[in-house]
Amino acid sequence: MGLLLAGCFAPQPPMFGDGEAVPEEASRVALPVRPGPDGTWALNAPAAGLLGQGRTLVRLDGPGNRGRRIALPAEFALTAHRPGAAHSAFVRGDQVVLVGGRDGRRGPSAIARLDPRRGLLTWQQALPPGSRVFLSGNGLEVLTAVCRRRSCDLTGWDTSSGVRRWTRVVSGPVRVVDACRADASTTGDGRGEDGCEPYLVTPDRVGTIDPDNGGPHWLKGLRPPDGVVDRVVKAADRVILVTAPAKGSCRATVLAGGTESGEGDRGWRYDFVWDQPQAARDPHTGCRRDRALPLTVGFRMVLPDAEGALLVDPYFGTRRPFTRLARGEYPVSDGTPNTIVRAPGRPDRLLYASAGQPVRPHGLSPAARSLAQGFWQDGRRLLLLDHQGHGLWQGTSDCQAFGDGLKGGTVTYCDGDDLVTLRPVRED
């Protein structure tokens with residue numbers, strides 16, 4: 001006797017990229033804060049519904065969010081895109097920490113917590129000269145550090161209350177290196193949470209910082225290579241150290257320590273001459289290098305070797321097969337899962353492509369970027385395509401449009417003096 005199984009499945013909601021959904025205006029409001037001259041905002045955190053530029057920060061209306069416009073003190077004006085720099089912001093979930101700056105002073109001058117629901121600074125703390133600011137991966141603690149030749153003064157602040165939880169002096173030539181910002185892969189708004197904790201780096205040790213008391217936890221078996229370690233990348237269960245290219249020779253080293261869980265794992269190391277063809281040559285070192293360029297593309301780590309960039313698995317490094325690009329080539333991302341290989345004077349190509357697969361949909365320029373699956377911005381032009389590359393919708397944007405970070409979710413753009421959010425719907 002046969003057994004018949006039957007079930008009911010709800011239809012999938014429309015999504016951009018499903019080949020059928022078209023945009024519908026979900027909201028249209030007067031532009032609450034204008035972007036900077038480059039069409040972007042210093043703070044753009046779609047998941048939190050926050051936009052900020054200059055002395056204005058807004059919380060956009062959304063599910064569970066009541067819109068609010070907040071006037072910031074001049075010290076906390078938002079002009080820097082890199083979290084931790086003076087006049088910048090950190091965002092981790094509901095936590096927003098502002099980093100202040102003052103004219104005539106290098107680096108951060110103060111920190112403050114912003115409650116975007118109430119539009120208030122709930123606490124504020126002045127910082128001594130030479131301070132650097134970091135935020136823990138979970139957003140519960142702000143770390144400030146003042147490092148000199150022979151010691152580092154560390155302070156941990158409770159993000160919610162602003163209470164000083166601990167202070168700690170770490171003796172010796174210590175530097176604090178952050179594995180977030182440009183030092184690791186981040187989200188589209190530059191505020192990724194994975195692997196963002198700061199590391200202590202000395203000439204012979206690397207360690208993490210205990211969030212409860214500030215004590216260092218030195219990593220066993222990981223001794224920094226010669227040179228100045230200025231990046232730490234946490235990837236594939238490894239802590240990977242990257243030295244800055246040396247002046248004149250541009251020699252650099254990437255050293256991956258053993259895994260945190262595997263005994264006897266020897267990690268990997270690669271020594272090379274650093275060269276990033278897409279970067280300007282540093283007049284001080286003579287090397288082509290841009291520290292803002294990420295060293296991760298997709299699931300691969302980029303080793304910018306002058307003989308040709310290497311794309312390696314961060315776990316195995318050069319101990320397993322890897323891809324070497326031609327001299328002058330470098331990998332870029334357009335917001336899709338594809339990795340594009342670019343070089344001056346040559347057409348773009350896909351790193352991994354099936355026969356006949358185009359680099360990008362027909363008619364789009366190399367500057368095009370994906371906002372959601374099938375949804376593109378190319379200059380001012382917005383374009384939604386079906387699976388065959390046919391246009392389903394087109395428009396224009398006066399700013400850099402952005403998605404909400406969800407697969408097939410909303411897209412927001414500027415239409416003159418309006419901020420417009422589109423949602424996917426199916427045509428009747």
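Begin by selecting C147 and C152, which are joined by a disulfide with an S to S distance of 1.7 Å; a disulfide here is a pair of cysteine sulfur atoms within 2.5 Å. The link of C147 and C152 is right-handed, with 110° about the S-S bond. C147 is partly exposed at 33% relative accessibility, whereas C152 is buried at 0%; buried means under 20% relative accessible area, exposed over 50% and partly exposed in between (1.4 Å probe, protein chains only).

This is a predicted model, in which local features need pLDDT of at least 70 and side-chain atom pairs count only at pLDDT 80 or more, while totals for chains, interfaces and linings use all residues. Residues are numbered from 1 along each chain as its sequence is written, and side-chain values use heavy atoms, leaving out hydrogens and water.

Next, display V170 in β13, which stands opposite C152. Strand β12 (residues 151-158) pairs with β13 in the antiparallel sense over seven bridges. Strands are DSSP runs (E, at least two residues) numbered from the N terminus, and two of them pair if DSSP finds at least two bridges between them.

Now widen the selection to the open sheet, whose four strands run in the order β10-β11-β12-β13 with antiparallel pairing. Because β10 (132-135) and β13 (164-171) each have a single partner strand, one side of each is left without a neighbour in the sheet.

Move on to C250 and C287, whose sulfur atoms lie 2.1 Å apart in another disulfide. Both cysteines, C250 and C287, are buried.

Finally, select C399 and C414, a disulfide with an S to S distance of 2.2 Å. The torsion about its S-S bond is about 95°, so the disulfide is right-handed.
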